[in-house]
Amino acid sequence: MSVFAIASSVSSFIKLRYVMDKAVIDNMVFRLHYRTTSAILFVSCVLVTANNLIGEPISCITDRSIPTYVINTYCWITHTFTLPYHINKPQGTHVAHPGVAPYVEGEDETRFHSYYQWVPFMLFFQGVLFYVPHWMWKNWEEGKMRMLTDGLRGAIVGPKETRQERQSRIVQYFIDTLHMHNVYATGYFICEALNFINVIVNMFFIDSFLGGAFLTYGIDVIKFMSQNQENRTDPMVLVFPRVTKCTFHKFGPSGSIQKHDTLCVLALNILNEKIYIFLWFWFIILAVLSGIALMYSIAVVLLPSIRETILIRRFRFGPPAGVSALIRKTQVGDFLLLHFMGQNMNMLLFGELLDEISRKLHLGNNIPTAPSTLELSPIYPSDKLRLHKETEA
């Protein structure tokens, strides 16, 4: 598979995610999970299966008594190993490669490596995990925002009459379903929390997969870069060794068991070490951003003042008194629905929409005037005289 084919295999996935006319039903951090992170993991999965980039994933040195393809296949499907005691010994004088030295059975500790055959499956599975919260939210949302903002998304929204008709439809729907969107908001906040949990769980998942070496992997690499070149051991080589040992047993001509000790070059680890060091930094950044986004959502739920600030500063709507009245009249679910509408509509249309909602709810400057109030109470002669004088003045 060529590099061009690799890019083509993922381009359709990314293209589908970035349709311009598609309704926005989440925030930027949410999209980093199911768009960016899933794409990174799927691309990495394809890369580690592209043999033309690195050649054969494993190549073992053997004598001619065993066919090369046999020993390669055996060591790939079982495991290879290194000797941790010999990791830091001078290469070329004491050991052939880091962790590769004569093995004394029963005395030397061995570290087995069999993860490399599972790396593509792990990367693909993780890509699916990062897409699951979006899939859950998309099914929970059921296309509500797409239907509500149909014809009002983008810079061009059609004739004025059509726009006003669609705005009136949205306003009437919002009024009729006021205080009925909390379940809608609950689904979104649950999926947002799942994003944060997912990235943390994935970090521990990889750490377990790599034998407890991932959580400190990035820190160890940073320390390695700052150490003296003569007295340092590359942590990437420790986690992803490039040369390992493999033992193959077979029967000899007389029926006795013969042991063949071979060296295996794991060319695939050149890619694996780069992929996982990138994932370490990316997951740290994503976890921090997801934590901030989650705390922001908690603040939106608990603090009405945050919701007021969003309408005033982000959407530039109305005076503080009018916005405060709208927030008091609505609940968190109503606000989230309005917030998504604001993300899908331009500022002018959204401002008109909020003005119409405020008028329908009798908020701010649209509170019923005094004459309509007087119709609900008796008017005494003294009141009539006072009103007559105020009218003449």
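**Close-up views of a predicted model**

**View 1. The largest pocket of the structure holds about 420 Å³ of space.** The model shown here and in the following views is a predicted one. Lining the largest pocket are 22 residues, of which Asn 27, Tyr 296, Arg 314, His 339 and Gln 343 lie closest to its centre. Helices α2 (28-47), α8 (182-209), α11, α12 (304-314) and α14 (332-344) each contribute at least two residues to this lining, and the largest share, six residues, is supplied by α11. Sorted by class, the lining of the largest pocket consists of 14 nonpolar, four polar and four charged residues.

**View 2. The largest cavity has a volume of about 40 Å³.** Cavities of 30 Å³ or more number two in this model, and the largest cavity is lined by Asn 27, Val 29, Phe 30, His 33, Glu 192, Asn 195, Ser 290 and Ala 293. Helices α2, α8 and α11 each provide at least two residues of the lining of the largest cavity, with the largest share, three residues, coming from α2. By class, this lining has three nonpolar residues, four polar residues and one charged residue.

**View 3. The second largest cavity has a volume of about 30 Å³.** Its lining is made up of Thr 82, Ile 87, Pro 98, His 113, Val 237, Leu 238 and Pro 241. Five of the residues lining the second largest cavity are nonpolar and two are polar, while none is charged.

**View 4. Helices α9 and α11 cross at roughly 110°.** The axes of α9 (residues 217-226) and α11 (residues 268-302) come within 9 Å of each other at this crossing, and the two helices are therefore roughly perpendicular to each other. On the α9 side the contact is made by Tyr 217, Gly 218, Ile 219, Val 221 and Ile 222, and on the α11 side by Glu 273, Tyr 276, Ile 277, Trp 280 and Phe 281. Taken by class, the contact between α9 and α11 comprises eight nonpolar residues, one polar residue and one charged residue.

**View 5. A disulfide joins Cys 60 and Cys 264.** Two disulfides are found in a search of the whole structure, and in the one formed by Cys 60 and Cys 264 the sulfur atoms are 2.1 Å apart. The torsion about the S-S bond of this pair is about 100°, so the disulfide is right-handed. Cys 60 belongs to strand β1 (residues 59-61) and Cys 264 to strand β5 (residues 257-265), so that the pair, 204 residues apart, links distant parts of the chain.

Definitions and conventions. Residues are numbered from 1 along each chain as its sequence is written. This is a predicted model: local features need pLDDT of at least 70, side-chain atom pairs count only at pLDDT 80 or more; totals for chains, interfaces and linings use all residues. Side-chain values use heavy atoms; hydrogens and water are left out. Axes are lines fitted to C-alpha atoms, for helices over the stretch in contact, and angles run from 0 to 180 degrees between N-to-C directions. Helices (H or I, at least four residues) and strands (E, at least two) are DSSP runs, numbered from the N terminus. Angles under 35 degrees count as roughly parallel, over 145 as roughly antiparallel, 65 to 115 as roughly perpendicular and the rest as oblique. Contact means heavy atoms within 4.5 Å. Ala, Val, Leu, Ile, Met, Phe, Trp, Tyr, Cys and Pro count as nonpolar, Asp, Glu, Lys and Arg as charged, and the others, Gly among them, as polar. On a 1 Å grid over the protein atoms alone, a cavity is a set of points where a 1.4 Å probe fits but cannot get out, and a pocket is an open set with protein on both sides within 12 Å along at least five of seven lines; lining residues have an atom within 4 Å of a point. Grid points are joined across faces, edges and corners, and a volume is the space filled by probe spheres set on the points. A disulfide is a pair of cysteine sulfur atoms within 2.5 Å.
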